[in-house]
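Open the model in a viewer that lets you select by residue number. The stops below are meant to be taken in order.

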Amino acid sequence: MNGAAYLSIIRPVNAVVAGLAGILASIIATGSIPAEFFWIFCIVLTITGAGNVINDYYDNEIDAINQPDRPIPSGQIIPGHALMYAILLFFIGNGIAILFTPLPLAGIAMGNSVLLWLYASFLKKTPLFGNISVSYLAASIFLFGGAIQGIQGIISVLPIAGATCGVMLARELIKDAEDMPGDNELGARTFPLLYGIRATIYLALISATAGVLMSLLLYSRWGPFYLGAIILVDAIILFGAIRGMKATNSEEMIKAKSSKILKAGMFASLLVFLLSAVLL
């Protein structure tokens, strides 16, 4: 067995960063480092790794053309073995969640596992629903953090998760608008290819605005200092969403740098959430 290939296929850097993000989200949700932080790291890392493996399993034919050095198309891992490996990782991640964390957190872990499998096998090729799936999965990291404190904890972080999901969806849509030429050549069915770049930009703006409005709800939790900081960040996010409004093609969207501005806004909002949770 090629151990290096089995490590590579989970995209270890990506999985470790996701695990650390889980710890960060738990700090934001609770205002301190929870006792379960190690288990959260393990759960997020293994389930993220499983999602990466199952994604490679279903993308085997595409990767044979675009990324022939990946473990499956290069022959380092047999597809059937990759499938079993993904199932094992999903089993480990969910097993840890069931044994060592509150039931709501285990429920989110199981739900995310199902969604990751559906995304790899089907939703990725479905316009908009694939974008929504990715956006939810990114935002659900905060639900993990809140779930440490049960259902009430999940409710308390819904504005954070909602804000993240809204801005992430806006960025996903704009990225698809930027990638239209390549996606068209590959026969992808993305939202901008089906409904046009204008509809995509307007939907991204609506999604970003919804995320901004959700972030303002946290004023009641963290007060005026938070409000002042998040308004500045929200201005960056809205600027990023609006900046591409005049674009008529993918090249103009790329020049507008909307997706990069939105990404910067997302990182800035994460910093504001963290500092507010710890200091306020």
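**Stop 1: helix 13**

Select residues 250-256, which form helix 13; Lys255 and Glu251 both lie here, 4 residues apart, about one turn of the helix. Helices in this tour are DSSP runs of H or I with at least four residues, numbered from the N terminus. The model is predicted, so local features are given at pLDDT of at least 70 and side-chain atom pairs at pLDDT 80 or more, while totals for chains, interfaces and linings use all residues. Residues are numbered from 1 along each chain as its sequence is written, and side-chain values use heavy atoms, leaving out hydrogens and water.

Show the two side chains. Lys255 and Glu251 form a salt bridge, with their closest N and O atoms 3.5 Å apart. The term salt bridge means a side-chain nitrogen of Lys or Arg within 4 Å of a carboxyl oxygen of Asp or Glu. Both Lys255 and Glu251 are exposed. Exposed stands for over 50% relative accessible area, buried for under 20%, and partly exposed for values in between, with a 1.4 Å probe and protein chains only.

**Stop 2: the other salt bridges**

How many salt bridges does a search of the whole structure find? The search gives 5. Side chains of opposite charge can pair when their charged atoms come close.

Go to Lys124 and Asp59 next. Their salt bridge has its closest N and O atoms 2.6 Å apart. This pair links distant parts of the chain, 65 residues apart: Lys124 is in the loop between helix 6 (103-121) and helix 7, and Asp59 is in the loop between helix 3 (37-58) and helix 4 (60-66). Is each partner buried or exposed, or in between? Lys124 is partly exposed, at a relative accessible area of 28%, whereas Asp59 is buried, at 13%.

Now select Glu178 and Lys175 in helix 8. Their side chains meet in a salt bridge of 3.7 Å, N to O. The two residues are 3 apart in helix 8, so about one helical turn separates them. Glu178 is buried, with a relative accessible area of 10%, and Lys175 is partly exposed, with 29%.

Finish this stop with Arg11, Asp56 and Arg70, which are linked in a network of salt bridges.

**Stop 3: two residues with positive phi**

Keep Arg11 selected. Its phi is positive, about 55 degrees, although Arg11 is not a glycine. Arg11 sits in the loop between helix 1 (3-8) and helix 2 (12-30). With 28% relative accessibility, Arg11 counts as partly exposed.

Then select Leu128, in the loop between helix 6 and helix 7. Leu128 is another residue other than glycine with a positive phi, here near 70 degrees. Its relative accessibility is 23%, so Leu128 counts as partly exposed.

**Stop 4**

Select His81, in helix 5 (residues 79-100). This residue is partly exposed, with a relative accessible area of 35%.

**Stop 5: helix 8 and its partners**

Display helix 7 (residues 129-147) with helix 8; their axes come within 7 Å and cross at roughly 155 degrees. Axes are lines fitted to C-alpha atoms, for helices over the stretch in contact, and angles between N-to-C directions run from 0 to 180 degrees. Helix 7 and helix 8 are therefore roughly antiparallel to each other, a label for angles over 145 degrees.

Helix 8 (residues 150-178) and helix 14 pack with axes 9 Å apart, at an angle of about 165 degrees. Helix 8 is thus roughly antiparallel to helix 14.

Which way does each pair cross, left-handed or right-handed? The crossing of helix 8 and helix 14 is left-handed, and that of helix 7 and helix 8 is right-handed. Left-handed means that the near helix is turned anticlockwise from the far one by less than a right angle, and right-handed that it is turned clockwise.

**Stop 6: a nonpolar patch**

Stay with helix 14 (residues 258-279), which supplies the largest share of a nonpolar patch, 4 residues. Select Phe225, Leu271, Leu275, Val278, Leu279 and Leu280: together they make a nonpolar surface patch of about 660 Å². Patch residues have over 30% relative accessible area and no salt bridge, and nonpolar side chains (Val, Leu, Ile, Met, Phe, Trp, Tyr) are joined within 5 Å. Accessible areas come from the Shrake-Rupley method with a 1.4 Å probe.

End on Val278, which lies in helix 14. At 47% relative accessibility, Val278 counts as partly exposed.

Key:
Patch = residues over 30% accessible without salt bridge, like charges linked within 9 Å, V, L, I, M, F, W, Y side chains within 5 Å. Parallel < 35°, antiparallel > 145°, perpendicular 65-115°, else oblique.
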